[in-house]
Amino acid sequence: MTDDRKAHLLYDNAGGPTRDAPWIIRTYAGHTSAAASNRLYRENLAKGQSGLSIAFDLPTQCGYSSDHALALPEIGKVGVPINSLDDFHVLFDSIPLAKMNTSMTINATSMWLLALYIALARERGEDEGALQGTTQNDIIKEYLARGTFIFPPEASLRMIAEMYEYCLDRVPKWNASNVCSYHLQEAGATPVQELAFSLANAISLLDLLRERGKVTGADFDRVVGRISFFVNAGIRFVEEMCKMRAFTELWDTYTHDRFGVADERHRRFRYGVQVNSLGLTEAQPENNAWRILIEALGVTMSRNARCRALQLPAWNEALSLPRPWDQQWSLRLQQILAYETDLLEYPDLFDGSPVIASKVAELAGGARDEIERILGMGGIRAAVESGYLKSALVRSMSERMSAINRGDLVVVGLNR
């Protein structure tokens, strides 16, 4: 090995080249029933998946039992139906909770699903303090992009705050919420909007926690350290990578300057990723395989802004729910990137690049202006209730679709 290559490798304590640990490798899954979903989870874990990402059906997301008349057309269609603790016993059969990192894509009913997860650990005799994972629990993006909210914004935010206060000492490795920019991009957000709206959401949540006064001093800093994000990665992978570096810089600045968090470990931007599904096409769906690969690079190549967990859609998700083989193909993509390439052997490849620095500064500057505008309105709740954020997303999506229809925004196999 040449001296030049040695100078750029990571080294362990013994002075030899080493590799970063890979991110948590997941697939997003859940369908039909708890038993069917459990079989899929155990199969995927046996294939090398290193964490779970649970998809719940719409009745579960909206707080309806499966025997409710409104639930009947949607039971098990886009996720697993959960009605009781008995369903959780089936869903996690033969899966040790304390050794698993479990992400639950659940929002309005997050408090109840986490309660079931803790109750399951207690009934099994597992240590609830060892549970690791995330309840998505971002009600703001439900108002902006999805619509599975139940309670008004103020009450919803209060419940999120209460979950942080509960988890801090009882379930200290649990992320009580996952601030989602993913769905904002799916609803048309530009990179600046994705940065600004999600960071303003997180800042407003911390403002609320500080106002409540239940956690103070070092405990408040620990709460800041439990804030996590769920981010989208689109096809413009250089811009997306710069967006992630901008996220990292902005979060570090706001948590230090606004909230006085001195320990840089608590200021670390912690995020998981699902790459963009909006850009997956029904026309020539085989092209989606390459889109997914390129989007994965945007959140893995920059070491200083690399994701902590990654889940990839299947190539044919624009057509239907993926088959086990389709999910395995997406799983193998992550494993090849993490285990076969030399990506994890090097420091950040982009530090010192004037092109990258300029783009990061442009994105961060635009996002900072928008964040201050939202905070000046009174925070994220006021910006939602006034319609400001929703109107901005509608305009961005309209501009995107018009650009595709004109051919200004090229989608291969669709308009070229």
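## The sheet that begins with E2

What is the order of the strands in the open sheet of 5 strands with parallel pairing that includes E4? The order is E2-E3-E4-E5-E6. Here strands are DSSP runs (E, at least two residues) and helices are DSSP runs (H or I, at least four residues), both numbered from the N terminus. Two strands pair if DSSP finds at least two bridges between them. At the edges of this sheet stand strand E2 (28-29) and strand E6 (174-175), each pairing on one side only.

Helix H2 (residues 34-46) packs on this sheet and touches E2 and strand E3 (52-55). A contact means heavy atoms within 4.5 Å. The direction of H2 makes about 155° with that of E3; axes are lines fitted to C-alpha atoms, for helices over the stretch in contact, and angles run from 0 to 180 degrees between N-to-C directions.

## How the model is read

This is a predicted model, in which local features need pLDDT of at least 70, side-chain atom pairs count only at pLDDT 80 or more, and totals for chains, interfaces and linings use all residues. Residues are numbered from 1 along each chain as its sequence is written, and side-chain values use heavy atoms, with hydrogens and water left out.

## The sheet that begins with E1

Another open sheet of 5 strands, with parallel pairing, has the order E1-E10-E9-E8-E7. Strand E1 (24-26) and strand E7 (178-180) each have a single partner strand, so one side of each has no neighbour in the sheet. Direction ignored, neighbouring strands of this sheet are turned by 25° against each other on average.

E1 runs parallel to strand E10 (residues 309-311), and 3 bridges join them. Look for Arg26: the bridge partner of this residue in E10 is Gln311. Helix H11 (residues 237-257) packs on the sheet, touching strand E8 (228-233) and strand E9 (271-275).

## Spaces inside

How many cavities of 30 Å³ or more does the structure hold? There are 5. A cavity is a set of points, on a 1 Å grid over the protein atoms alone, where a 1.4 Å probe fits but cannot get out; lining residues have an atom within 4 Å of a point. The largest cavity has about 80 Å³ of space, a volume filled by probe spheres set on the points.

Among the residues lining the largest cavity are Asn107, Phe151 and Met163. Helix H5 (110-124) and helix H7 (153-170) each give two or more residues to this lining, and H7 provides the largest share, 4 residues.

Technical notes. 1 Å grid on protein atoms, 1.4 Å probe; cavity = no way out; pocket = protein on both sides within 12 Å on 5 of 7 lines; lining within 4 Å.
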